[in-house]
Amino acid sequence: MSQPIAVDLILKNLAKGTEKAEKRARKASEVLLGPLETDIATTPYEVVFQEDRVKLKHYVPEKITHKVPLLIVYALINRETMLDLQPGRSTVQGFLDHGVEVYMVDWGYPTRKDRYVSIDDHVNYYMDTVVDVIRKRHGLPKINLMGICMGGAFSVMYSALHPEKIKNLVTTVTPTNFDTDKGLLHIWMKGVDMDGVADTFGNVAGDVMNLGFLLLNPARLMIDKYVGFLENVDDRSFVENFVRMEKWIFDSPDVPGETFRQFISDCYHKNLLIQSKMELEGKRVDLKKITMPLLNMYGKYDHLVPPEAAEVLPSKVGSKDVEDICLPTGHIGIYVSSKIQQQFVPKISAWLKEREAFEKSPKSPKKARTPKKQDTASAA
Amino acid sequence: MAEDKKTDGDPAAWMNAWTTSTTDFLRRIMGAGGGEDASVKHPASQAQKMLLSSTKLLHLMLAKMSDPASIEAMLQGMESLPEISTNMFQQSIDSYAEMQKRWTEQVSRIGKHTEAYKFEGIDENVFKTWKETYEKEIRKFFNVPALGLTRFYQERINRLVDETNQFQVAISEFLYLFSVPFEKTAKVMQEKTEEMMEQGDVPSDVKEYYNMYIKVLEGHYMTLLQSPEYIRVMSDTLNALVKYKRAKEEVLNDMMGALPVPTHKEMDELYKDFHILKKRVRTLAKRMDQWEEKFSPEESGA
């Protein structure tokens, strides 16, 4: 037998809700119409090198405790500003606080002119050039390299092709194994004919990428996110953080067509990278040539690069010093979650410091200490 | 008067009389205009001559048409016209009847229980029917070979129209597919609400109800986005978009050819050459740097 509906209770709650909504709306208008600090990438840096659309940003800590600088290579999708999204949650600032001198590649905004720029151009030209610039600036034969997502895949390729220039390799949320049905991107990309897209459109438009990422979870990303915003619109701090994230997430450069074509074809369709069969202009990317220490970090709840796509790499490289860490977070939570940042940056910093051995110049190298073998571990 | 009696009741005779009198009239005008010096080549006299010859030709044609044998042949041709029209209409009516049958089946399914979290066999028949009809009845007109000097332009325009139609269908199907989870979620929420009302467990807070709704909607989308149906529709839409864009670019290139503006195609060729040149220069520059380092290390700063 159905229970009677307490109509008077519903009406009372409705009245309360209306009163709350009215107060919130008043506060919200003060917040939205008032001054908001929504700038991103506010950590000071200097552009020390530029070629074409590619820039090299240099961040200097107050006190340098790591002798070997770290080059961070972000993906071509979205922007590297995510690593410096807001004060107090900036990965870059975290490294600086730990005394790490940071260089970061800014891939810029490709135009139609860049449609023929391939993965080989990105890896063996742009990356190689900036690595040489850093090596020359510091008089070092090798530097530390950290890659993020597709930038991590590029870093893996670079390290395999130029192991003599890389001291330690850190890969974060990096897809290297594409033979998995976990993660929507892996399922979708198998049905996409990239040749037609690259030939017809030239570059893959940033707006198309944005739309694609929204479609990964339309209910949460197109509806619930904004409902949450409206619920907290009277909170200045929340609004500022939200707007910063919006600024970053929709700041999507176009991706050069040739690069995207090869990435989808060789990685998503044929899974050549993890099999050491991928070639860049005839040069084979042999993962066994990655003999430098490797730290591989990824997110347990990453819907773009699921653990299955990232965890295979350590077993395929030639290095004996590998560490594998699975963090309880998602794809970008690893960089923007304050809780995870307390583990993420200190871990990398400590790991690099442990493996540091100063080498002044290529002509008079000091013999590096051989680091202890690390067991791969999944930390909860 | 005697002549009038001759033409009475005979249309052929009327036409004959009319063309004869027109020819005479024009001859008189020409005679008046070119009377002083008929041998002078004047543009006006040329035009008059052309008009006269056209009138003579018309007179001959009408004389021939008034021939009983010719009239019979014409009437036979006209008799077959209804048969041709009937055939054409019949085909269209058959296709329409097929579509209407499917629509009726679709309407009859309204109100039936839509299974939650299942996307097999969803109501996509209307798109399938339209695609089949389009393929069978309409598309063939765009594939009729074009003729003449402008044949290539015409073919490209036909292709554009064809691809536009196909893209519109594909995007409609894609958008429809995206609306299906809302439909299913509404049904599930309706059932859940009925259950809760029976148990007296109606949430007093709208937020709770919303959270339930968004969770169910998310679940439906997660199921849809991994389903083979979605992959197929997404792939078809993307392919249709690529073909449409390609066809549009071809027509635009034709139009832009008349303007002093470079097209994407022309710029792409330049970009390609530029890219190859840059690559060569970089390779050479790198080699030079390596040689310099090797043979004159002090100068290279190494």
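**Exercise 1.** How many helices and how many strands does the secondary structure of chain B contain?

*Solution.* The structure is a predicted model. In it, the secondary structure of chain B consists of 10 helices and 0 strands. Reading along the sequence accordingly gives the pattern α-α-α-α-α-α-α-α-α-α. As for burial, chain B has 302 residues, of which 9% are buried. Among its contacts between residues at least 6 apart in sequence, 70% join residues at least 24 apart.

**Exercise 2.** Determine how the axes of α6(A) and α8(B) are arranged, and identify the residues in contact.

*Solution.* Step three names the residues: α6(A) contributes Gly196(A), Val197(A), Thr200(A) and Phe201(A), while α8(B) contributes Leu238(B), Asn239(B), Val242(B), Lys245(B) and Arg246(B). By type, the residues of this contact comprise 4 nonpolar, 3 polar and 2 charged.

**Exercise 3.** Which residues of the largest nonpolar core touch the most other members?

*Solution.* This core holds 99 residues, and those touching the most other members are Leu71(A), Ile72(A), Val102(A) and Met157(A). Leaving aside residues up to four places away in sequence, Val102(A) touches Tyr59(A), Pro69(A), Leu70(A), Ile72(A), Val92(A), Phe95(A) and Leu96(A).

Technical notes:
Residues are numbered from 1 along each chain as its sequence is written. Chains are lettered from A and ligands numbered from 1 in the order in which they are written. This is a predicted model: local features need pLDDT of at least 70, side-chain atom pairs count only at pLDDT 80 or more; totals for chains, interfaces and linings use all residues. Helices (H or I, at least four residues) and strands (E, at least two) are DSSP runs, numbered from the N terminus. A residue is buried if 20 or more other C-beta atoms lie within 10 Å of its own, exposed if 12 or fewer, and partly exposed in between; C-beta atoms are placed from the backbone. Two residues are in contact if their C-beta atoms, placed from the backbone, lie within 7 Å. A nonpolar core is a set of buried Ala, Val, Leu, Ile, Met, Phe, Trp, Tyr and Cys residues joined through C-beta atoms within 7 Å. Ala, Val, Leu, Ile, Met, Phe, Trp, Tyr, Cys and Pro count as nonpolar, Asp, Glu, Lys and Arg as charged, and the others, Gly among them, as polar.
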